[in-house]
Structures are given as structure tokens and as C-alpha cells.
Amino acid sequence: AQRAQDYNKKQKRLSVMKDKAMFKNPDEFYQAMQTSGMKGGVHKIVADPGKSLDIEQAKIFKTQDLNYVSLKRASGLKKIDQLESSLHFIDLPKQNSH
């Protein structure tokens with residue numbers, strides 16, 4: 001009974017996969033299709049050797065990242081200072097009565 005259930009389960013799965021393949025749009029395209037391929041019937045991500053970075057480019061990217069982080073930190077500190085300066089007037093009573 002268990003073998004028959006397993007067989008029927010696999011047949012249902014195969015029929016669902018066949019239906020999906022039948023209704024698939026042949027013009028459908030994903031960016032991942034460019035870097036993936038089939039090896040032995042299994043999908044594998046194929047690394048593009050042309051896209052590897054040399055040491056100089058990696059250093060440039062690291063300095064750019066560092067500059068971006070320092071810029072964001074400075075803008076965050078400026079916002080904090082502005083908010084803290086606006087907090088000084090919270091304790092004072094309202095001057096306008098209308």
C-alpha cells in the first residue's frame with residue numbers, strides 16, 4: 001500500500017510539472033539564466049571568469065565603500081545634532097495661548 005501511495009504521489013508531481021512546462025512562456029527570461037547552466041542534468045551556477053576583480057579594483061571598491069559609510073555616518077550625526085538642538089525647547093511653557 002505504501003509503494004502504491006508513493007507511486008501515485010510521484011505521478012501527480014510529474015503531471016503538475018508537465019502542466020507547468022506546457023504553460024511556460026518560451027520568451028520568459030531571467031538574469032540568472034546568463035550565469036547558470038546544466039551539468040549532468042542539475043542546474044549549476046557557472047562563475048564568469050571575466051567578472052573577477054583584480055587587486056586594484058578591489059582596493060578602489062573598498063575605499064569607495066569606506067567613503068560611503070563615513071558620509072552616511074556624518075549625515076546621521078548631523079541629524080542627531082539637529083534633533084538634540086530642537087529638544088531644548090520642549091521643557092519651556094508655550095508662549096502662545098491661542
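Met33 lies in the loop between α1 and β1. The model described here is predicted. Met33 counts as partly exposed because its relative accessibility is 38%, a value between the 20% limit for buried and the 50% limit for exposed. Together with Phe29 and Tyr30, Met33 forms a nonpolar patch on the surface. The accessible area of these three residues together is about 330 Å². Along the chain, Met33 and Val46 are 13 residues apart, and their C-alpha atoms are separated by 10.0 Å.

**Overall layout**

The protein has 98 residues, of which 0% count as buried. The secondary structure consists of 2 helices and 2 strands. In sequence order, these elements follow the pattern α-β-β-α.

**The strand pair**

The loop that holds Met33 leads from α1 to β1, which covers 36-39. β1 pairs with strand β2, residues 42-45, in the antiparallel sense, and the pairing runs over 4 bridges. Within this pairing, Gly37 has Lys44 of β2 as its bridge partner. The two strands form a hairpin with 2 residues between them. In this hairpin, Gly40 takes a positive phi near 65 degrees. As a general point, side chains in a regular strand alternate between the two faces of the sheet.

A search of the whole structure finds 1 salt bridge. It joins Lys10 to Asp6, and the closest N and O atoms are 3.4 Å apart. This distance meets the salt-bridge criterion because the cut-off is 4 Å. Both residues belong to helix α1, which spans residues 2-22. Lys10 and Asp6 are 4 residues apart, which is about one turn of the helix.

Lys10 counts as partly exposed because its relative accessibility is 48%. Asp6 is also partly exposed, with a relative accessibility of 37%.

| Residue | Relative accessibility | Class |
|---|---|---|
| Lys10 | 48% | partly exposed |
| Asp6 | 37% | partly exposed |
| Met33 | 38% | partly exposed |

In short, Lys10 and Asp6 form a salt bridge, Met33 belongs to a nonpolar surface patch with Phe29 and Tyr30, and β1 and β2 form an antiparallel pair.

Notes:
Residues numbered from 1 in each chain as written. Predicted model: local features only at pLDDT ≥ 70, side-chain atom pairs only at ≥ 80, totals over all residues. Heavy atoms only, no water. Salt bridge = Lys/Arg side-chain N within 4 Å of Asp/Glu carboxyl O. Buried < 20%, exposed > 50% of the residue type's maximum accessible area, 1.4 Å probe, protein only. Patch = residues over 30% accessible without salt bridge, like charges linked within 9 Å, V, L, I, M, F, W, Y side chains within 5 Å. Areas by Shrake-Rupley, 256 points an atom, 1.4 Å probe, with all protein chains shown as cover. Pairing = 2+ DSSP bridges.
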